[in-house]
Amino acid sequence: MKILAAIHDLMFSSKVHAAAQGRPITWLKRGTKVVEEVAREKPDVLLIDLGSPQLDAVNSIREIKQGGGPTVIAYVDHTREDLIEAARAAGCDHVMSKGEFARRLPELLAGI
C-alpha cells in the first residue's frame, strides 16, 4: 500500500508514521498541489488535513474523487462542521476529528 500524506503538522506526522507500520509514505511538500501529487504518485490512500489553508483540501478531494482516486482519509478540528460536511459532499471516504483520526488511523489503514 502506498500512502500520500498531505499533513504539515509535526505531531500528526509522527502518528502517521506509527500507524503506517513500515508502509511507504510520501509527504506532500509545502507549496505542492495535492491533485498533481496524487496524479504523479498514484497512492492507494490520501491522508489530508482539511484545516490546512494552503491545501484547498475540499476542492482537491472533489477533483481527485471525480476520477475514482484513492481512498481519502481526512481530519479537522471537531468544531469545523462546515469542513466536515463539505468534505463528505466532495466524496471523502472517511472524515473525522483530530482525536478520532489519531485513534482510528491504524485500523483504517489495515482495512485498505
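Residues are numbered from 1 along each chain as its sequence is written, and side-chain values use heavy atoms, with hydrogens and water left out. As the model is predicted, local features need pLDDT of at least 70 and side-chain atom pairs count only at pLDDT 80 or more, while totals for chains, interfaces and linings use all residues. The mean pLDDT of the chain (the predictor's confidence in each residue, from 0 to 100) is 92, and 100% of the residues reach 70 or more.

Five of its six residues are buried, so β4 is largely enclosed by the rest of the structure; here buried means under 20% relative accessible area, exposed over 50% and partly exposed in between, with a 1.4 Å probe and protein chains only. Strand β3 (residues 45-49) pairs with β4 in the parallel sense over five bridges, where pairing requires that DSSP finds at least two bridges between two strands. In this pair, D49 stands opposite Y75 of β4. The chain passes from β3 through α3 to β4 in a right-handed β-α-β crossover; right-handed means that, with the strands pointing away from the viewer, the path from the first strand over the helix to the second runs clockwise. The loop between α3 and β4 holds G67, which counts as exposed because its relative accessibility is 71%.

β4 also pairs in the parallel sense with strand β5 (residues 94-97), over four bridges, and S97 in β5 is the bridge partner of V76. The crossover from β4 through helix α4 (residues 81-90) to β5 is right-handed.

On a 1 Å grid over the protein atoms alone, a pocket is an open set of points with protein on both sides within 12 Å along at least five of seven lines, and lining residues have an atom within 4 Å of a point. α2 (34-41) and α3 (57-66) each supply at least two lining residues, and α2 gives the most, with three. The residues lining the pocket include G31, K33, D56 and S60.

Methods
On a 1 Å grid over the protein atoms alone, a cavity is a set of points where a 1.4 Å probe fits but cannot get out, and a pocket is an open set with protein on both sides within 12 Å along at least five of seven lines; lining residues have an atom within 4 Å of a point.
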